[in-house]
Every structure is written in C-alpha cells, then in structure tokens.
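Student: Could we work through how a few parts of this structure pack together, one question at a time?

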There are 2 protein chains.
Amino acid sequence: MAGVSTQTVSRVINDRPDVSPQTRANVKKVILDLGYSPNTIARSLSRGRTNTLGVVGFGLKYFGPSSVLTGIERKANELGFSIILTLCEQFEGGDTDQVLLQLSAQQVEGIIWAIPGFIDSLDPSRMVKEKLTIPIVYLNRDCLNSSVVVSMDNRSGGYIATEHLFEQGYHKIGIITGPKTWWEANERLIGWREVMREKNFTDIDDLIFEGNWEAESGDRGFQTLKSKNPDLDAIFVSNDQMSLGVIHAANRMGISIPDKFGIVGFDDLPESSFYIPPLSTVKQDAKKLGALAVTRLVEWIESESDQECDTQEKNLVSPELIIRQSSVREKALISHT
Amino acid sequence: MAGVSTQTVSRVINDRPDVSPQTRANVKKVILDLGYSPNTIARSLSRGRTNTLGVVGFGLKYFGPSSVLTGIERKANELGFSIILTLCEQFEGGDTDQVLLQLSAQQVEGIIWAIPGFIDSLDPSRMVKEKLTIPIVYLNRDCLNSSVVVSMDNRSGGYIATEHLFEQGYHKIGIITGPKTWWEANERLIGWREVMREKNFTDIDDLIFEGNWEAESGDRGFQTLKSKNPDLDAIFVSNDQMSLGVIHAANRMGISIPDKFGIVGFDDLPESSFYIPPLSTVKQDAKKLGALAVTRLVEWIESESDQECDTQEKNLVSPELIIRQSSVREKALISHT
DNA sequence: CAAATGGGACCCCTTCCTACG
DNA sequence: ACGTAGGAAGGGGTCCCATTT
C-alpha cells in the first residue's frame, strides 16, 4: 500500500509469525499514521467467518427481554462477536421466516431466537429451519423438536412462590397468569398447580385469572378473583407489573397487605422493592440467561465438527425467591391501611 | 450457476429491467429450488454499501433507552437497514474510541450514538471522530461541536412539570435530579430553575437533591429535602423510578399525596399509572425519538453529496405532561391512564 | 439500433505457494 | 534448508462494456 509491501500487512495485522520485527514495526507505524482499519466485510468474505450473531427479539417493552439482550450483547462482545438485532413486535405470521432468511443472507454464524414461546407459535417454519444450516439457540420456550433451548425454570419459580405463600400461613392462593398463549405463563401456572395439588385443592379453575402482563390486568384480576372467592387470601402473580396492579386494587378496596392478603410476584424489577409494601418476588437473572445462550451458541459454532445438533439440549436457569414484605405476615411493620 | 447464466442472476435478483421475462422466470425458479440466497457480505463489498447502521447504547436497564432502541430498530428495518448493536455499560474511558473504530471497520454506513450526554464526557475523542467520515447522530445530549443531535426537550419538560405544580396550588417546590453529570438531568434542573426564578425564589440550593435515577435515592431525597425544608409541599422528580421512592417515603412518614404533598415524575413508565396514587409525569416518547434519529441519519447517508455536516442541527422532541393524581389536589376524579 | 446476454475487471482481504536472501 | 517477502488465486457479488440477435 504505502510504506513497503502489500499483504505483509495482512500478516502484521493478524499477528502471523513470519515477519521480521523491523518490518512489523514499520508497517504498524504506517497503519497508525494512516488511521487504517481493515475492512471487516472483505475479511469475512475471504475467511468465511463473520464473527457475527443474529438476535431475534420480541420488543424491549418489558424488563426481562431487555436484560436478556444486555446479557447477550455483553457476552457476545466478550467472545468477539458482533450482534445484528432484529425485533419482531407484532405477530405477522410467516414473517419470521423472512427474518431468518435475511439473517442467513447476512452470513451470521449463529442465531439466538429470543422470542418467547407461544402455543400458537410464531416459530420459523420447519421448512426454512431445515434449509438453514446455521446453529440456532432458542430462549425461554419449550423444547419440542431437536433443538437447543436455554430457559428460565419458570415452573419451579411458580412452585417456590406458591409454596412460600402457604408456608406463610395463607390458606387459599389464587394465580394471575400471563396470556395463556405464552409458554412462560403456562410454566408458572404449572408450578402453581403442582403445589395446589399437593395441598389437595380440587376445582381450582376459579382461582385462575389470565392477565396480559400489564399492571391494569393485575387490578382486574384481583377484583375478579376476590369476588369469585371471598376467602381468597393470597395470589401468586406472574410478573411484577401485574403485582403492582394487584397492590393498587387491594389498596383501593381497603384490604391490607400482607396482613389480610399475600402477594408474590415474578421478575424482581429494580423498583419492586419500592412498591408499597415491598414486593416478594421470584427473581430471574435474565442477563445470565442471555449470556448462557451466547456461550452455548458459540460453543456450537466453534465445534466445527458438523455434528448436527440432535442433542436436544435444554438448559434451565434457576430463579430465586426474594422475600420482602408483601408476603410476610407476622410482625409486619407497615400497614398504613 | 446452475440453470442458464452467470450474473444475469444478479439482474434478476435486483430487479433490473433488461432481462427477458422467460429468462427471469427461469432463473427465479432455479433460485427457489436451490434455496439460494445472495451473500449480503459479498454484495456489500462490491457495492460499497452495507445497509447497516451501528448503534451504541448505554445499557437497557431503564425503560427510556429500551424504547429508544426499539424505535431505532423499527425505523431502520422499515428503511431497509440492519442494526449492529454495541452496549457500553461502564465508563471505560477511551474505550469508546475502540467501539467507533470497530463499527467503522464493519463498514456501517452511519452511527447512532445513544449514550446519554455526560459532563465528564464519555464521548469519542475528537481525534477519532475526525478521522472517521461516517455520519454520526447523537441522542439526548448537548450540541457542542458541529454535529447532528436529536434530543428530548428535557428543559421544557422540567419547566411544564414545575409550572403545573405551582398551578395546582403547591407553594414550595423542590427537585430531585438525576446524577448531575448527566446532561438530561441538568436540563430538567434548568427547566425547574426557570420556573423558580419566575416565582422569585432565591436561595434555592436547599431545594435540590441529586439522586441516582434509582427508587432508593428518591426515598432518601424526600427525607433530606423535607428535613431541610419543613414547609416543602411538592417535588418535581426527574424520573418515575425515583418518584416511586418518594411516594414510598412519604407514605411511610404519613404524608398524604396529593393532599399534603404533590409529585410529578418524568418518563411515564407503563406502570406509573398504577402507583399509589397514580403518578403525574412528563411523558417522553422515546420510540419516536429513536425513529427520528434514524430518519435523520438515513437522510444524511442518502444525500450522497458529501456536504459535511456543519449543519449543527438540533432536533428537539417535545415531551408531554400527563396529569394523574399525584399532583392534583382538589377532589380528584379517580381514573387511571 | 433496440433489447437481452455474457465477459471481465474489481471490491478488499486472506491464504497457498513460490522465490528470494 | 531456513526465515522472510511477494505473486496469484479466490471468496461472491456488481458494474461497465462488448457482444449477440
């Protein structure tokens, strides 16, 4: 190029051995002077590796998905991968195939499918998936076909939350779930169901309210459940936002928490400890989840061995119960009616 | 390749005119059969255009940045651009240069610098900026050098919030700001100051508390301000999370909102209408902000004319005051939203 | 001289291979 | 033989230009 040679430069840039020290130093200086930076695009083309990952997400409206994305980005960066981000906020059926194809055309080396699992699935069609040879790691969903899935253990989350409420002396525990089309919502429901079965509850349908993740539906849920079950004295709420709605409604109706009514949420938003009363909740470490997904994906990519992933792996990350005031009856210092 | 010709294929793929209908149809069929998709990388290399934008963000912990990113992604997608995402959560000085260089090496056509403005800046060094010829649009920051900036009008947000509190009959209004190193925090403070000056307040330093955006600091801020100013009867809080902390503290101290104390927040989180009482707040349409940034950036890119951007443009997006109960003294009609 | 096609250089790197000291 | 440097061939497209009817 400028100083001395042509693709000795390449050797210098990639730290290859066979360049004499002085040449190397020389080239480096010229590079610096020129502010030269290698064209990654061209490199990718010739090397056949892009060091790029595709991430398909479902909007960043909620705290969880945002944290997951943060975890993904941080880890990818750490491992030397760039992220191409695509968001699918709406359910435009079949559209998902398009996204996958596009990402594939961009030569990403792997894809993280961070769209929450749905019953009436928003999945890429099998046809496209089979045509694509790119590794895909799925996040927070069921593990249907042979595929690698990384999930929060929502079921056990539901279980420990409900169990905790019983332990605190509450007797009849309802649940406000997320939309039942969501896999995560269902898993949390199943966890709750398990406890209820152990406690020999039958006929529990009236204890279930399907919310929509928004605070407003928690409010409605509380009213509905309480009117159907006057003796209801606690609810496991499937996320913290709806929990806020529940607190709101209880407050309006003069039902004091946690004395008369217990609540455990799910997520552990940063502000959950500042609700009134501070919310007990199941904490998901979403960043860790995202990081784990990347780790798995990169492992897969690096294991050049084209061992197709029949592994049908499922990696579960355990949530943790955070106990605050909304579910702890004895000696509750608050109570401001 | 397979069927008939070589880069007549190129013409077909790019919908060029000079291909006979039957050839076109033929080629299309073969493409479909083969499941062929053009290698975007190679195309970029030869076309010299990548249709890719780099986005540098500052973590997705808060609702605002997440919404901005959503807005960016949606708009970019709409305009046919992909997004390469980089997150800088920590202040590793000089590190930002690295990010910029990396993005430049990846041949992005433009960059959105979505790191909030700081006094002790986390900016790319001037050196690097000058070396780079890529268009950069900055988000939510001051407009120092000649550069294109898209911002929320934080100052007017602070102004209308404070003014509203006075109008509601509160007499002495404090402020809980964000960290004073943040440009946004300062702007909101300036808006508040303007109103205070108009109302002939002097000696207002004791009415200012510097929070850290977290709920916990709102709690502390309330206590501090209230103890310094027993007659304080309202606060403009620079975000909704800290507002929650304020509500929390007021509640604990038995100070009723809005009767004895008024609060206006900033952001309009989805759950703000479910605080107790529902929070009045300054709503920022962050998605719109993100979309606007992309629009500007793409305009700049497309205006191939290498007219350097001495424009020193500043695009302000106006926030909107949402009045709920936390700031409305007289018999409030109860309605959320 | 239209419209439809193919030839070849080129984008910017990397890698293999050869030639030099 | 050995360490070092350069030549040439792609990688998968696009574009300009020449060629065919």
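This is a predicted model: local features need pLDDT of at least 70, side-chain atom pairs count only at pLDDT 80 or more; totals for chains, interfaces and linings use all residues.

Student: What is the handedness of the crossing of α4(A) and α11(A), and how do the residues of their contact divide?

Tutor: The crossing in which α4(A) passes α11(A) is right-handed. Among the residues making the contact are Gly64(A) and Lys75(A) of α4(A), together with Lys287(A) and Val294(A) of α11(A). The residues of this contact divide into 7 nonpolar, 6 polar and 2 charged.

Student: Is Ala234(A) buried or exposed?

Tutor: Ala234(A) lies in strand β8 (residues 234-237) of chain A, and residues that it touches include Leu165(A), Tyr170(A) and Phe261(A). Buried means under 20% relative accessible area, and because Ala234(A) has 0% relative accessibility, it counts as buried.

Student: How many aromatic pairs are there over all chains, and which geometry does the pair of Phe166(A) and Phe201(A) have?

Tutor: The count comes to 10 aromatic pairs over all chains. Phe166(A), in helix α7 (residues 154-167), and Phe201(A), in the loop between α8 and β7, are 35 residues apart. Their ring centres are 6.0 Å apart with 45 degrees between the planes, and the pair is tilted.

Technical notes: Residues are numbered from 1 along each chain as its sequence is written. Chains are lettered from A and ligands numbered from 1 in the order in which they are written. Side-chain values use heavy atoms; hydrogens and water are left out. A crossing is left-handed if the near helix is turned anticlockwise from the far one by less than a right angle, and right-handed if clockwise. Helices (H or I, at least four residues) and strands (E, at least two) are DSSP runs, numbered from the N terminus. Contact means heavy atoms within 4.5 Å. Ala, Val, Leu, Ile, Met, Phe, Trp, Tyr, Cys and Pro count as nonpolar, Asp, Glu, Lys and Arg as charged, and the others, Gly among them, as polar. Buried means under 20% relative accessible area, exposed over 50%, partly exposed in between (1.4 Å probe, protein chains only). Rings of Phe, Tyr and Trp (its six-membered ring) pair if their centres lie within 6.5 Å; planes under 30 degrees apart count as stacked, over 60 as edge-to-face and the rest as tilted. Lists of a residue's contacts leave out its neighbours within four places in sequence.
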